[in-house]
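Work through the exercises below with the sequence and the model side by side. Try each task before you read its solution.

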Amino acid sequence: MEKKKITIAIDGYSSCGKSTMAKDLARDLGYIYVDTGAMYRAVTLFAMQKGLFNDADGTIDSTQLQALMPQIKITFAQNEATGRPDTYLNGQLVEQQIRSMDVSSRVSTVAALSFVREAMVAQQQAMGAKGGVVMDGRDIGTVVFPNAELKIFVTASAEVRAQRRYKELTARGDKVDFQTILDNVQQRDYIDTHREVTPLRKADDALELDNSNLTIAQQKQWLMERVEEVTK
């Protein structure tokens, strides 16, 4: 008898490695992976392309963005070379652009807008309607899929997360400063946990995973054991 396909919701703080974890888990299980953080990053990139940010103070023309929301369609397609999904904004591959510090420093502002979250949640729920989905973000277990069979809440110290981000960006050839990244991580934590609309919080029935000191292999084993418990 084939195991039933469940919905797996992975929430947690920025730069905890949620996306890598969720992508690997989806691939190992043969599930669909949806990167919700990439969706908010793609909306941010769209707003930047349309010149909706005020560079002087970092504010956004939310009225104009709301009017343009129906024009935004975000999709994912498997990249055969990497074995992972790439993000497309209105049919254009944007995987590299959405990972820049320019987008990182603006995404929390965009993600805090209620009309953006409503539009993205609707797209996410449509993607995950049939199960067999791994989704990660900030409010998957609390808002998008409150009835998900398995909910994981990932955390790690701000310093560990900043170090991971620093290594990721320098490996890509970006010129970055560790303190700037640490400040960005702490600022995003504050915004994510204090925003009015669906703030980041651990769902009551979520399992907490602190991966500050775990290897990738240890983390993978822990996740597979949790999946096994729910699907057996």
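**Exercise 1: The largest pocket**

Task: Find which helices and strands supply at least two residues each to the lining of the largest pocket.

Solution. Go along the chain. The elements are α1, α2, β4, α4 (101–111), β6, α7 (158–171), α8 (178–194) and α9 (216–231). Helices (H or I, at least four residues) and strands (E, at least two) are DSSP runs, numbered from the N terminus. A pocket is an open set of points on a 1 Å grid over the protein atoms alone, with protein on both sides within 12 Å along at least five of seven lines; lining residues have an atom within 4 Å of a point.

Next, take the size. The largest pocket holds about 1200 Å³ of space. Such a volume is the space filled by probe spheres set on the points, which are joined across faces, edges and corners.

Then look at the lining. It has 50 residues, and Gly17, Lys18, Ser19, Thr20 and Glu168 lie nearest the pocket centre. Helix α1 gives the most, with eight residues.

A note on the source: this is a predicted model, where local features need pLDDT of at least 70, side-chain atom pairs count only at pLDDT 80 or more, and totals for chains, interfaces and linings use all residues. Residues are numbered from 1 along each chain as its sequence is written, and side-chain values use heavy atoms, with hydrogens and water left out.

**Exercise 2: Helix α1**

Task: Check the span of helix α1 (residues 18–29).

Solution. Start from the rule: the expected span is 1.5 Å times one less than the number of residues. Helix α1 has twelve residues, so it should span 16 Å. Its end C-alpha atoms are 16 Å apart, which agrees.

Now see what is hidden. Lys18, Met21, Ala22, Lys23, Asp24, Leu25 and Ala26 of α1 are buried (under 20% relative accessible area; exposed is over 50%, partly exposed in between; 1.4 Å probe, protein chains only). After α1 comes Gly30, with a positive phi near 75°.

**Exercise 3: The open sheet**

Task: Give the strand order of the open sheet of five strands.

Solution. The order is β2-β6-β1-β7-β8, with parallel pairing. Two strands pair if DSSP finds at least two bridges between them. At the edges are β2 (32–35) and β8 (207–210), each pairing on one side only. From one strand to the next, the twist averages 20°. Zoom in on β7 (residues 150–155) and β8: four bridges join them in the parallel sense. There, Ile152 stands opposite Leu207 of β8.

**Exercise 4: A hairpin**

Task: Describe how strands β3 (residues 74–79) and β4 (residues 84–89) are joined.

Solution. They run antiparallel, with six bridges. Asn79 has Arg84 in β4 as its bridge partner. Four residues lie between the strands of this hairpin, and Gly83 takes a positive phi near 75°.

**Exercise 5: Arg161**

Solution. Then list its neighbours. Leaving out residues up to four places away in sequence, Arg161 touches Tyr13, Ser14, Ser15, Cys16, Ala156, Val185 and Asp189; contact means heavy atoms within 4.5 Å. Lys4 is 157 residues from Arg161 along the chain, and their C-alpha atoms are separated by 34 Å.

Conventions:
Axes fitted to C-alpha atoms, helices over the stretch in contact; angles between N-to-C directions. 1 Å grid on protein atoms, 1.4 Å probe; cavity = no way out; pocket = protein on both sides within 12 Å on 5 of 7 lines; lining within 4 Å.
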